[in-house]
Amino acid sequence: MISPVTWVSALLAGIFSAAEIPNKTFLIYEGVSYTYEEIDKRSNKVAQVFAERGTVKKGDTVALLMSNEPDFVCVWFGLSKLGCSVAFLNINIKSRSLLHCFNCCGAKLMVVGADLLDTLEDILPNLQEDSISVWAMKKKTAYPGVNTLMDKMEEASDKPVPAKLRGITCLKTPNLYIFTSGTTGLPKAAVITHLQSLKAAAGFWAYGGTSDDVIYTPLPLYHSAASLVGIGGTIEMGATCVLKKKFSASQFWNDCKKHNVTIFQYIGELCRYLCNQPKGENDKQHKVHMGVGNGLRQDVWREFHRRFGEIRMCELYGSTEGNLCFMNHIGKIGAVGRSNFFYKLLFKYVLVRYDMVRDEPVRNKQGFCEPVRRGESGLLLSKISPQSPFFGYAGSKQLTEKKILRDVFAKGDAYFNTGDLMAEDDEDFISFKDRVGDTFRWKGENVATTEVTEILGLVDFIQEANVYGVEVPGNEGKAGMAAIIVRPDFKFDGKKLFDHAVRDLPTYARPLFIRLQESMEMTGTFKQQKFQLVASGFNPSTITDPLYFLDYSQKCYGPLTTSAYESILGGQCKL
Ligand SMILES: *[C@@H]1O[C@H](CO)[C@@H](O)[C@H](O)[C@H]1NC(C)=O
Ligand SMILES: *[C@@H]1O[C@H](CO)[C@@H](O)[C@H](O)[C@H]1NC(C)=O
């Protein structure tokens with residue numbers, strides 16, 4: 001470890017160049033190695049460019065829209081050195097949501113990767129209208145009004161900027177905003193303080209990682225798993241990180257062998273894709289001894305061990321913004337973690353009974369929640385206290401309040417609502433069961449049903465839409481499905497809906513299935529009833545309502561026939 005104190009302050013004080021590891025490889029990307037010192041100097045250049053021009057100052061928020069590449073890290077660190085908060089934007093989100101992200105984190109400047117500039121074409125005028133200055137990681141650009149950063153970095157000094165420019169005053173000041181798809185509406189910016197960055201960075205270390213480890217990160221840096229646990233954890237240990245632009249199942253093991261990778265980061269899907277690769281004779285010949293991530297299902301977990309050897313899989317449970325986390329130190333298959341006496345002193349969490357039909361926690365006669373019995377599934381809540389604070393979301397008290405459950409066991413208490421159903425067994429192992437409420441996960445991304453509902457509502461023939469996730473055998477998470485009511489005098493138009501979904505929704509958020517309904521059921525508290533719809537799935541032989549599916553080959557939502565249904569289940573039709 002470079003420092004027992006904090007990697008953040010280490011980073012800011014520029015100790016990479018002063019410490020004994022400047023020449024150690026920090027990042028490997030597309031075959032090129034970058035030392036700690038190189039990354040540090042390059043991030044100084046970023047800081048110098050903005051400092052010289054007085055473009056940003058301490059306390060400003062800057063949005064970062066970049067794919068995985070070393071410069072993501074340099075820009076992030078460079079701006080941190082100026083005392084700016086950096087907001088990571090999901091590179092998949094579409095224009096409408098992107099504009100919203102600026103509003104909620106208050107960013108007035110955006111740095112965009114060279115490969116992503118063209119995706120902004122349609123919203124550049126809007127950004128300029130809002131006087132948001134756009135800086136592209138290029139030497140020149142044809143877009144009027146867009147600044148270039150690369151040319152200026154070439155000329156800038158690589159010396160550290162004066163420390164007085166940043167002056168971190170408190171570990172609880174935000175240094176990052178990470179957008180999460182939340183329970184309501186558009187993406188929310190979770191406020192990440194220095195303190196949380198530190199906790200997340202301890203991930204590998206807590207599992208016994210050392211400076212000799214080589215960490216493989218194929219997950220997107222705009223999520224906290226890759227940026228905080230991956231990059232932060234690498235620095236914390238003084239290790240090396242092999243950064244991948246995008247996960248590729250066919251390249252995974254070659255990469256690992258080539259770079260002597262010892263630890264990799266995963267999400268459940270990724271392990272499944274690896275298991276689905278053709279078997280090879282050398283499947284077990286590698287140096288990988290640990291995987292850190294979450295969402296690994298039991299069947300995949302076992303198969304993964306059979307195929308690739310006894311790699312210790314360490315499940316890490318915790319949301320970006322949440323105030324607790326679980327770790328499965330023992331590697332017990334299926335568990336996200338294990339609690340113990342001390343853990344319970346540290347984190348006051350509880351599982352309470354949940355009414356799936358009404359879609360809310362069960363309240364007793366006194367109006368309080370009830371803990372579940374051991375072994376039963378319950379909604380995971382975590383007490384909010386000075387020791388386990390919840391910093392909420394930027395720019396919205398209302399959104400923050402929605403994640404807080406009050407008067408749980410006593411008047412006036414407050415708990416962070418994880419939205420996850422979990423169960424705890426006799427040996428204190430905790431396992432994930434299901435996600436409740438208005439989000440589901442697909443392809444490693446959270447999808448907010450209300451966000452999709454709003455976008456579908458813009459289609460002229462849709463009167464009402466109810467979005468939920470359905471299980472598709474052989475896939476992690478849940479696939480998006482929408483029950484819709486067609487306006488009187490209008491007809492369902494699969495082509496129009498397809499064009500709309502592809503234009504306005506990221507791939508993972510597009511409903512894969514559509515169910516036409518005459519009327520929509522409500523819960524007792526006037527929420528759209530989802531439970532029955534989720535349970536009945538998308539099988540055309542048991543559902544009498546007309547069903548459609550997202551058919552990329554025909555570029556439209558086409559009728560979900562029994563044969564289409566079977567080819568989806570059989571995996572011939574790609575989702
Ligand atoms: C790092 O490498 C540079 C150039 O190769 C060398 O001058 C310097 O002494 C090295 N630093 C350490 C601490 O090994
Ligand atoms: C990987 O390890 C082998 C044997 O331990 C070594 O010969 C090789 O140089 C290492 N490769 C890299 C890229 O470090």
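Predicted model: local features only at pLDDT ≥ 70, side-chain atom pairs only at ≥ 80, totals over all residues.
The side chain of Asn-260 places an N or O atom 2.4 Å from an oxygen atom of ligand 2, and a polar side-chain atom of Lys-287 is found 3.1 Å from an oxygen atom of the ligand; a polar contact is a pair of N or O atoms within 3.5 Å. Ligand 2 taken alone exposes 360 Å², of which the protein buries 28% (Shrake-Rupley method, 1.4 Å probe).

Five strands form an open sheet with mixed pairing, in the order S26-S27-S28-S29-S30. Strands are DSSP runs of E with at least two residues, and helices are runs of H or I with at least four; two strands pair if DSSP finds at least two bridges between them. Strand S26 (462-470) and strand S30 (556-559) are the edge strands, each pairing on one side only. On average, neighbouring strands of the sheet are turned by 30° against each other, direction ignored.

Within this sheet, strand S28 (residues 513-516) pairs with strand S29 (residues 547-551) in the antiparallel sense over three bridges. Leu-547 in S29 is the bridge partner of Arg-515. Helix H16 (residues 449-456) lies across S26 and strand S27 (479-486) and runs at about 150° to S26; angles run from 0 to 180 degrees between N-to-C directions of axes fitted to C-alpha atoms, for helices over the stretch in contact (heavy atoms within 4.5 Å).

Residues are numbered from 1 along each chain as its sequence is written, chains are lettered from A and ligands numbered from 1 in the order in which they are written. Local features need pLDDT of at least 70, side-chain atom pairs count only at pLDDT 80 or more, and totals for chains, interfaces and linings use all residues, while side-chain values use heavy atoms, with hydrogens and water left out.

Note on methods: Polar contact = N/O pair within 3.5 Å; in protein donor to acceptor, adjacent residues only side chain to side chain.
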